[in-house]
Amino acid sequence: PVDWFPCFESFGPFECAFYPVPLDYSEVTEDFYETGNQEAIEIVVIRLPATDPANKIGSLFLNPGGPGGSGVNFVINAGAFLYTPEVRAKFDIVGFDPRGTNRSAALSCFTSFEHLDEFFALRAFPDTIEDINAQIAFDDNFRQKCAANALPIIDNMTTADVARDMEILRRAVGDYDGLTYAGYSYGSFLGVTYANMFPNSVRAVIVDAVLDPIAWTTGRPQTRNLPFSTRLRSDAGAQATLEEFFRLCDLADLPRCAFAGDAAGRYDALLERLAVDPITLIFPDESTLFIDNIELTGFTLGVLYNPFNWALYAQDLAFLESIPTTSAASTQFNVLGRMPELNEEPLVPQTIEAFPGVACSDSDNPSNPLVWAVAGLVSEFVYGDFGRIWTWASSPCADWPASKSSRYAGPFTRNTSNTVLVTSTVFD
């Protein structure tokens with residue numbers, strides 16, 4: 001059983017635990033918890049207890065996406081209000097940091113923070129030959145550092161490994177009737193993987209903002225030579241969402257949307273202008289922010305994930321449009337900002353490793369990094385502004401130095417003991 005203790009008490013009545021699971025499931029035996037003779041890692045788990053424990057049904061496990069999103073942080077930030085009082089009464093809300101991420105045996109490839117200077121110097125996505133060469137060089141160094149410094153966790157952090165952990169945790173919290181789970185975005189792939197690996201353990205599984213599991217892993221015959229992040233077609237989803245931002249902005253009109261009045265045309269004109277005349281913003285602390293068409297595309301993609309910021313972002317776009325020079329002092333930005341400073345610590349925490357550590361281990365990808373350049377250009381031509389940024393998101397996966405032996409790549413058609421709810425919002 002899980003040994004819970006109070007934690008994060010200033011945020012609510014949370015309880016946490018460190019729970020041991022096998023590092024390598026290929027070597028584990030049934031007496032793992034009796035003998036402790038296999039290498040273990042600890043998974044950090046949190047729960048928000050049910051408000052009516054006398055009538056509790058069980059635990060609702062969550063995953064916020066990523067891969068690399070913290071299930072612990074998700075429960076702290078959203079667990080109390082994401083679900084109805086009826087759900088809160090009858091379920092403990094449980095989150096955990098998946099293995100290899102955040103607080104759970106985090107994959108950490110670097111021994112200093114020097115790589116972050118190089119990382120932040122990269123463009124949002126490569127645009128020129130020089131940009132492409134810089135991205136390829138960074139990815140090569142990234143993979144070398146992971147191969148040198150990240151064993152053995154890098155070989156044991158596929159989504160299937162996380163699903164195996166979740167099956168152990170389900171039983172550890174006493175949910176013997178099966179798993180109750182809600183997974184969002186990448187968390188949908190974790191839910192689908194679990195449901196196909198443990199089909200008889202599904203009590204109530206919800207997958208939301210759903211990723212295509214075949215595109216994530218192997219691709220179909222006509223797409224297998226593409227990077228997995230291209231196969232997902234998140235670029236098409238982002239483009240549709242951007243167009244909805246423009247439509248709603250024009251519908252709201254001034255002053256409710258500061259960028260109203262042919263918002264799409266104004267945005268395209270702003271991109272064209274910034275491609276020729278980038279803007280450098282100077283903040284009161286004398287720090288600067290360089291914005292050209294590439295960086296604005298990256299900022300826009302991030303904002304599309306949070307519609308609550310859309311009205312504020314419209315003000316940012318209108319302000320950028322109004323700047324007559326290529327350099328301007330500004331304290332007016334609402335969403336556009338600067339990277340937080342990192343204080344050096346004796347141990348270098350995980351910074352950029354979680355996403356490729358999981359995704360590259362799950363997926364088949366080309367070995368030639370130049371495929372990303374071609375695929376990105378084709379995707380941009382066919383699917384819009386975000387074709388290149390979404391394609392290049394997976395560039396470290398070319399020749400990723402980790403074993404795929406523990407992954408699950410299908411079939412994704414197993415009959416489960418209870419049906420799975422598949423849901424998504426539009427313009428997601």
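# Close-up views of the predicted model

**View 1. Strand 4 and its two parallel neighbours.** Strand 4 runs parallel to strand 6 (residues 179–184), and 4 bridges join them. The structure is a predicted model: local features need pLDDT of at least 70, side-chain atom pairs count only at pLDDT 80 or more, and totals for chains, interfaces and linings use all residues. Residues are numbered from 1 along each chain as its sequence is written, and side-chain values use heavy atoms, with hydrogens and water left out. Strands (E, at least two residues) and helices (H or I, at least four) are DSSP runs, numbered from the N terminus. Two strands count as paired if DSSP finds at least two bridges between them. Strand 4 also pairs with strand 5 (residues 91–96), again in the parallel sense, over 5 bridges. Phe61 can be followed to both neighbours. In strand 5, Phe61 has Val94 as its bridge partner. In strand 6, Phe61 stands opposite Tyr181. Is strand 4 buried or exposed? Of the 6 residues of strand 4 (residues 58–63), 6 are buried, so the strand is largely enclosed by the rest of the structure. Buried means under 20% relative accessible area, exposed means over 50%, and partly exposed lies in between (1.4 Å probe, protein chains only).

**View 2. Strand 3 and its antiparallel pairings.** Strand 3 (residues 40–48) is mostly covered, with 7 of its 9 residues buried. Strand 2 (residues 14–22) pairs with strand 3 in the antiparallel sense over 8 bridges. Here Cys16 has Ile46 of strand 3 as its bridge partner. Strand 3 is also joined to strand 5 by 4 bridges, and these two run antiparallel. Val45 stands opposite Phe96 of strand 5.

**View 3. The disulfide of Cys7 and Cys16.** Cys16, the bridge partner of Ile46, is also joined to Cys7 by a disulfide, with an S to S distance of 2.0 Å. A disulfide is a pair of cysteine sulfur atoms within 2.5 Å. The link of Cys7 and Cys16 is right-handed, with 75 degrees about the S-S bond. Both Cys7 and Cys16 are buried. How many disulfides does a search of the whole structure find? There are 4. Counting bonded cysteines along the chain, the pattern is 1-2, 3-4, 5-6, 7-8.

**View 4. The disulfide of Cys109 and Cys146.** The sulfur atoms of Cys109 and Cys146 lie 2.0 Å apart and form a disulfide. The torsion about this S-S bond is about 95 degrees, so the disulfide is right-handed. The pair links distant parts of the chain, 37 residues apart. Cys109 sits in the loop between strand 5 and helix 4 (114–121), and Cys146 in helix 5 (residues 129–149). Cys109 counts as buried at 0% relative accessibility. Cys146 is buried as well, with a relative accessible area of 0%.

**View 5. The disulfide of Cys360 and Cys397.** Cys360 is joined to Cys397 by a disulfide (S to S 2.0 Å). This link is left-handed, with -80 degrees about the S-S bond. The pair connects distant parts of the chain, 37 residues apart. Cys360 belongs to helix 14 (residues 354–362), and Cys397 to the loop between helix 16 (387–392) and strand 11 (420–423). At 1% relative accessibility, Cys360 counts as buried. Cys397 is buried too, with a relative accessible area of 5%.

**View 6. The second largest pocket.** The volume of this pocket is about 310 Å³. On a 1 Å grid over the protein atoms alone, a pocket is an open set of points with protein on both sides within 12 Å along at least five of seven lines; a cavity is a set where a 1.4 Å probe fits but cannot get out; lining residues have an atom within 4 Å of a point. Grid points are joined across faces, edges and corners, and a volume is the space filled by probe spheres set on the points. The second largest pocket has 16 lining residues, and Phe32, Tyr33, Glu167, Ile168 and Arg171 lie nearest its centre. Strand 2, helix 1 (32–35) and helix 6 (159–172) each supply at least two lining residues. Which element gives the most to this lining? Helix 6 does, with 5 residues. By class, the lining has 11 nonpolar, 1 polar and 4 charged residues. Nonpolar covers Ala, Val, Leu, Ile, Met, Phe, Trp, Tyr, Cys and Pro; charged covers Asp, Glu, Lys and Arg; the others, Gly among them, are polar.

**View 7. The largest cavity.** The count comes to 1 cavity of 30 Å³ or more. The largest cavity has a volume of about 30 Å³. Its lining is formed by Ile136, Asp139, Arg143, Pro369, Trp372, Trp392 and Ser395. Helix 5 gives the largest share of this lining, 3 residues. By class, the lining has 4 nonpolar, 1 polar and 2 charged residues.
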